[in-house]
Amino acid sequence: KVHKFGGSSFADPDCYGFVANLVNSFDGKNLIVVSAMSGITNVLYSVCECAKEGSFTDKEPWKLLQERILGAIALRLGDTEQGRKEVRRFSTDLVYLSTVLSLMSDSLPSDQTLIEALVVGYGEIWSARLLTQIMRATHHRSAAFMDARDVLVVEPTGDADETIEVCWDVTKQKLKTWFYNRKR
């Protein structure tokens, strides 16, 4: 079964505990799709706007991003191995994103759009990683993080509004392969 939890499900770090308890009540294998913590997507867009102007690491959105994500990790996982692991992952992501964002001000508008899409996608990644670790730590469940970019294949429809269409056959095969490799 597939269950989707939107941004309002993660209004604050406490909500992760509620969602984890709900997910724990599900029987069998489940695929959980999550949105970013409420407000994080907007913060990431603000970071991108600052990066287009040049400096961003000294600006409020960058600081707020770190405060919100690190605060959520600390509240939900504490000073545990899982918590330290997530802090290390987040720190690594910030190094990577700061490198990518440093290219923003000198990039063409089309490249800025691609950079922005990459950066903004991290909100969902952090949310999924956090929920995965909560499921492992709190509920002792065999939970695995999946980056949707590893399995979801889309192609543009050619419409002017830049809509996309899921390539279901390829996506299903990639999903099967992902699950197969998890069993090893």
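Predicted model: local features only at pLDDT ≥ 70, side-chain atom pairs only at ≥ 80, totals over all residues.

User: How is a pair of packed helices described?

Analyst: Two packed helices are described by the angle between their axes and the distance between those axes. Here, helix 5 (residues 109-120) and helix 6 pack at an angle of about 15 degrees, with their axes 5 Å apart. Angles under 35 degrees count as roughly parallel, so helix 5 and helix 6 are roughly parallel to each other.

User: Which residues of helix 3 and helix 6 meet, and at what angle do the axes cross?

Analyst: The axes of helix 3 and helix 6 come within 10 Å and cross at roughly 10 degrees, so this pair is roughly parallel as well. From helix 3, the residues are Leu65, Ile69, Ala72, Ile73, Arg76 and Leu77, and they meet Trp126, Leu130, Gln133, Ile134 and Ala137 in helix 6. The residues of this contact divide into 9 nonpolar, 1 polar and 1 charged.

User: And is helix 4 roughly parallel or roughly antiparallel to helix 6?

Analyst: Look at the angle again. Helix 4 (residues 81-101) packs against helix 6 at about 170 degrees, with the axes 10 Å apart. Over 145 degrees counts as roughly antiparallel, so helix 4 is roughly antiparallel to helix 6. On the helix 4 side the contact is made by Gln82, Lys85, Glu86, Arg89, Phe90, Asp93, Tyr96 and Leu97, and on the helix 6 side by Tyr122, Trp126, Arg129, Leu130, Gln133, Arg136 and Ala137. By class, this contact has 7 nonpolar, 2 polar and 6 charged residues.

User: Gln133 keeps turning up. Is Gln133 buried or exposed?

Analyst: To judge that, take the relative accessible area: buried means under 20%. Gln133 has a value of 2%, so Gln133 is buried. Gln133 lies in helix 6 (residues 122-139). Leaving out residues up to four places away in sequence, Gln133 touches Leu77, Gln82, Lys85, Glu86 and Arg89.

User: How do I read the length of a helix, say helix 1?

Analyst: Compare the reach with the expected span. Helix 1 (residues 13-24) has 12 residues and reaches 17 Å from its first C-alpha to its last, close to the 16 Å expected at 1.5 Å a residue. At the start of helix 1, a side-chain oxygen of Asp12 reaches to within 2.9 Å of the backbone nitrogen of Asp14.

User: Which residues of helix 1 are buried, and what covers them?

Analyst: Pro13, Cys15, Tyr16, Gly17, Val19, Ala20 and Val23 are the buried residues of helix 1. Their cover includes strand 1 (2-5), strand 2 (31-34), helix 3 (60-77) and helix 6.

User: Where is His140, and what is its phi?

Analyst: His140 sits in the loop between helix 6 and strand 3 (154-156). Phi of His140 is near 50 degrees, a positive value in a residue other than glycine. At 66% relative accessibility, His140 counts as exposed. His140 and His3 are 137 residues apart in sequence and 20 Å apart in space, C-alpha to C-alpha.

Methods: Residues numbered from 1 in each chain as written. Heavy atoms only, no water. Helix = DSSP H or I, 4+ residues; strand = E, 2+ residues; numbered from the N terminus. Buried < 20%, exposed > 50% of the residue type's maximum accessible area, 1.4 Å probe, protein only. Contact = heavy atoms within 4.5 Å. Expected span 1.5 Å × (residues − 1). Polar contact = N/O pair within 3.5 Å; in protein donor to acceptor, adjacent residues only side chain to side chain. Axes fitted to C-alpha atoms, helices over the stretch in contact; angles between N-to-C directions. Parallel < 35°, antiparallel > 145°, perpendicular 65-115°, else oblique. Nonpolar A, V, L, I, M, F, W, Y, C, P; charged D, E, K, R; others polar.
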